[in-house]
Amino acid sequence: MSLFWIVIRQLAEIEAMAMSKKVITREEWEKKLNDVKIRKEDMNKLVMNFLVTEGYVDAAEKFRMESGTEPDIDLATITDRMAVKKAVQCGNVEDAIEKVNDLNPEILDTNPQLFFHLQQQRLIELIRNGKVEEALEFAQEELAPRGEENQSFLEELERTVALLAFEDVSNCPVGDLLDISQRLKTASEVNAAILTSQSHEKDPKLPSLLKMLLWAQNQLDEKAAYPRINDLATATLEDPAI
Amino acid sequence: MPTTTASAVCTTVGNNILLRLTSGERDVKLKALRELKNQIIGNRTKKLSFLKLGAVPAVAGILSDAVSAVDVADNDENDRIVKDIIVQSAAVLGSFACGFEAGVRAVLDAGADILIQRGCLVEEMPLLKSYMEVVDAGARSLKMIYQSKMAPKYDFLQEENMEFLLSLLNNESENVSGLGASIISHSCKTSLEQKLLFDAGVLKRLTSLLGGSLIQRDASLESIATIFKNNPEVVSQFVGPDTGRTLSCIIEIVKDRFARTRLLASLCLIVIRNASPCYLQDVGIKTKLINNLLELLDDPGRVGDEASFAFSSLIAEKEDMQKLAFEVNGVDKLYNHLQKGSLHPRRFEGILLALADMCSKLECCRSRCLSLQVLKLVVDALAHDSSDVRSAACMCLRSVSRSIKNLSAGSFMNETIVIPLVRLLDDTSTAVQVAALGAISNIVVDFTTRRSTFIRLGGVKLLVQLSKSMDSTIRLNALRALRNLIFLAEDKCKEEIFMELTASLLASLICDPEPSVQEQALALVRNLVDGRINSVEYIFAEDGIILDAVGRQLRIASKAEIEIQGMYVLGNVATGKESHKEAVMDQLLLRAENKAQSCIIKFLQSNDSRLRTAAVWAVLNLTCSSSPGSSGRLVKLHDAGIVSHVKNMVNDPCLDVKVIYFSSLSGFLIVVLMVCLMTSRFSLVQLRVKTALEQFNSFDDSLASTSCLQFLTVRAVGELSHVVDPSSKEEESIANYFRFSMKKNKKKKSTRTVKFCFDVPADSL
């Protein structure tokens with residue numbers, strides 16, 4: 001009987017050891033943080049990279065003047081790219097297509113998926129503006145042949161055309177296509193394609209860094225209690241729960 | 001009908017644009033050009049319809065006019081429009097040529113490529129920004145044209161062409177240098193051209209482009225691969241202080257962020273590897289390449305499709321690479337992709353071919369395939385719409401069915417596999433037929449008695465039909481399949497096959513105009529007459545036309561392989577009855593053109609050990625002491641000078657056959673030992689047997705010789721089962737042989753052991 005209790009007690013101790021994590025106070029933490037050296041130039045580069053990739057030309061230009069950081073691509077090309085992105089975001093897809101073709105006629109010729117999504121967006125805009133007949137004609141003439149070439153295009157096409165079948169478009173199953181988010185998605189796709197054709201990375205580095213931070217914190221959570229950053233926007237340290 | 005209305009609308013719009021193109025006013029023209037460009041980019045259907053309306057020659061005409069009207073140095077407004085017209089028309093023509101064969105043809109017919117070159121890419125290119133646009137537009141369009149197979153061949157041998165090419169490569173603009181690289185990738189085919197380009201120092205510039213933009217890097221990788229492809233001489237000249245740098249540069253690019261670049265870099269390294277054995281041989285780089293390609297299979301687009309072909313070129317015919325790929329679960333990964341279903345035909349074909357290569361030499365890969373149930377997917381692919389996929393599926397089956405273990409278990413000879421395969425024998429595509437024949441050739445080597453399934457399903461009829469094909473490749477492969485089918489077949493099977501074939505067909509195939517077809521026909525006959533005495537009768541059908549044909553071929557043939565098969569036929573026939581043996585003697589001696597020199601003497605003296613072996617077998621089967629007429633035959637052979645040659649073979653350097661003559665007053669003791677089917681692997685055995693045989697030769701006493709023989713057989717079997725893979729058919733057949741001879745020895749004191757060798761069609765597997 002006593003042996004039994006000894007075993008139970010030992011088990012409890014082991015469990016307690018496993019449960020108890022190292023606790024780090026805010027003071028200790030901030031001290032450790034202060035010891036890590038980051039260069040200003042690196043941060044500037046990250047900011048510039050973000051501005052350039054997202055297409056904030058004026059901001060990038062100003063930032064260059066004020067900080068002396070050189071952007072890794074020609075700012076002039078950003079203007080063109082931003083014009084395209086803006087056109088899509090406003091729903092002027094035809095205009096966007098013209099601009100892309102002026103910038104680089106190869107992009108849409110060698111990117112069938114992107115081209116299809118742009119055409120699809122045009123269709124959505126026609127439907128949104130109530131131009132039903134025109135929309136049908138457009139779908140038949142421009143999009144149907146694309147659907148014949150590729151099974152996945154056909155499925156997406158059917159989804160889009162389904163918009164015409166519903167009276168109350170905002171509540172139908174394919175209603176998300178009319179959302180602004182759909183425009184943003186297409187705009188982002190075009191932006192990425194242009195960046196790739198210019199040999200630039202299509203994603204800025206900043207989001208990856210933040211993801212890395214969150215992952216590292218999750219890993220550390222298993223071993224220690226420490227001041228966490230829970231709100232990425234403010235990046236304030238919150239005291240560990242003891 | 002809606003569709004007609006739509007295309008009618010399109011035509012109206014199209015005609016409208018074309019009308020405006022012919023306008024005299026430049027800005028109207030320019031606007032129309034831009035509209036046309038925006039209509040066709042990305043839209044294959046529109047390209048086709050505008051093509052039909054004659055857009056290409058119209059635009060080419062506009063370009064031509066504009067080029068003559070432009071003044072390069074001028075930068076005023078008027079000229080601006082002309083330059084814009086050039087840019088837009090070049091873009092239109094380039095778009096027509098983009099991935100659209102009919103468009104490329106139309107563009108080339110209109111002479112647009114020359115126009116663009118002359119108009120946009122002159123040697124003295126001023127640095128005006130507006131002109132740079134012209135240059136870029138021209139370079140882009142030409143690059144599109146040169147990506148098509150139909151593009152004109154660039155003549156590197158002409159010095160001015162070479163200079164122009166170099167100027168393109170050295171240009172700063174990525175489109176222009178990209179064009180230069182594209183031209184190389186497209187047009188450089190012969191080794192002379194490769195050498196020319198290499199000597200012109202093109203590689204240096206291409207290497208520097210590796211560090212450039214994406215377009216430059218990709219184009220450069222393709223060009224480098226083109227220059228080195230299948231050209232060991234150029235690769236060997238690659239040695240120098242720059243080599244290591246270029247190679248390590250490319251190796252780095254294998255890890256690039258863009259999938260297409262990774263693929264191109266891998267292809268480049270594979271080309272270098274395959275051309276020259278001294279580069280890129282360490283395990284690290286091999287594993288890296290394999291893993292990279294297997295990973296690229298995940299890419300959903302064209303890169304993923306092409307990755308499997310690259311993988312095949314990496315591992316084909318290379319056992320070490322296949323082993324490495326197997327160790328990193330290559331088979332499983334390929335299978336996972338196969339499983340995904342509704343694959344693009346190109347991707348499907350690529351993965352099937354990759355599996356075929358993986359299983360071509362290694363049993364472990366085949367076993368893994370079979371345990372993963374790959375066969376089911378492969379069999380489904382046999383009925384695919386694309387002929388390339390069907391062909392690839394057959395090749396995969398052929399590789400997997402090289403597994404002797406599974407052949408013996410009869411894993412392949414069932415209706416689910418045989419029915420679709422037999423159907424393919426009737427396929428519209430020749431390539432598919434040939435591939436199906438390859439797979440069937442292996443599957444019919446069945447060690448159980450299930451060949452009747454194949455015959456029942458109409459396989460033989462089709463094979464015989466194909467053996468009469470006009471295409472010699474098909475005849476050849478059909479015969480090979482028949483040869484394997486007949487190998488060790490039961491009497492009833494043989495009869496059915498022979499009835500379908502007929503003696504006259506066989507005789508004519510033996511005399512086929514193609515030597516390789518003759519060889520297969522003879523091998524078929526050899527397998528046909530091998531076996532029981534009744535089988536030998538086949539060769540005498542229809543007044544012995546087959547035997548006559550064999551004899552005739554032997555006398556006139558010049559190719560060793562034909563002579564070997566022919567001799568084995570005669571050797572097999574000589575195991576039959578007296579009349580059979582006499583018929584063989586007839587063929588060898590009486591029909592000889594020059595009676596003093598029978599063809600068999602030539603064979604006995606041949607440099608080819610296989611031929612000597614075959615000839616000796618025939619002699620021995622003719623003179624074995626159990627038949628009454630053998631002494632008579634021996635005398636005849638002796639008179640013809642044949643026997644002395646055979647006697648000399650005691651010291652034959654090839655240890656395939658050791659012949660010992662033991663002559664005594666009462667009879668002969670002839671012992672033939674077939675030690676192994678392939679000389680090289682069993683040298684240890686040969687040494688031991690040779691020693692024993694030499695001792696044997698000195699025995700005068702038949703009893704002692706019998707014991708010696710017993711000793712030899714036991715030793716030999718023991719050695720062989722140690723050396724040979726226990727699952728192989730060879731070992732089984734050799735063991736059978738020796739058991740047979742041991743049994744005979746126990747019965748009689750003086751024995752002769754005769755066995756004709758049957759053909760394990762190892763080469764066709």
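**View 1. The charges of chain A.** In this predicted model, chain A carries 28 positive and 45 negative charges, and their mean positions are 10 Å apart. Lys and Arg count as positive here and Asp and Glu as negative, while His and the chain ends are not counted. Each charge is placed at NZ of Lys, CZ of Arg, CG of Asp or CD of Glu.

**View 2. The build of chain A.** Twelve helices and four strands make up the list of elements in chain A; helices (H or I, at least four residues) and strands (E, at least two) are DSSP runs, numbered from the N terminus. How does the radius of gyration of chain A, 27 Å, sit beside that of a compact globule of 242 residues? Such a globule would be near 18 Å, by a rule of 2.2 Å times the number of residues to the power 0.38, with the radius taken over C-alpha atoms. Along the principal axes, the C-alpha atoms of chain A fill a box of roughly 85 × 60 × 30 Å.

**View 3. Confidence along chain A.** The mean pLDDT (the predictor's confidence in each residue, from 0 to 100) of chain A is 87, and 95% of its residues reach 70 or more.

View 4. Look for Ser182(B) in helix α10 (residues 174-187) of chain B. Ser182(B) counts as buried because its relative accessibility is 11%; buried means under 20% relative accessible area, exposed over 50%, and partly exposed in between (1.4 Å probe, protein chains only). Leaving out residues up to four places away in sequence, Ser182(B) touches Lys143(B) and Gln147(B), where contact means heavy atoms within 4.5 Å.

**View 5. Two glutamates with positive phi.** Most residues other than glycine have a negative phi. Glu317(B), although not a glycine, has a positive phi of about 65°. Glu317(B) is found in the loop between α18 (302-315) and α19 (319-327) of chain B, and is exposed because its relative accessible area is 62%. Glu542(B) also has a positive phi, of about 50°, but lies in helix α35 (residues 541-556) of chain B. At 46% relative accessibility, Glu542(B) counts as partly exposed.

**Notes for all views.** Residues are numbered from 1 along each chain as its sequence is written, chains are lettered from A and ligands numbered from 1 in the order in which they are written. Local features need pLDDT of at least 70, side-chain atom pairs count only at pLDDT 80 or more, totals for chains, interfaces and linings use all residues, and side-chain values use heavy atoms, with hydrogens and water left out.
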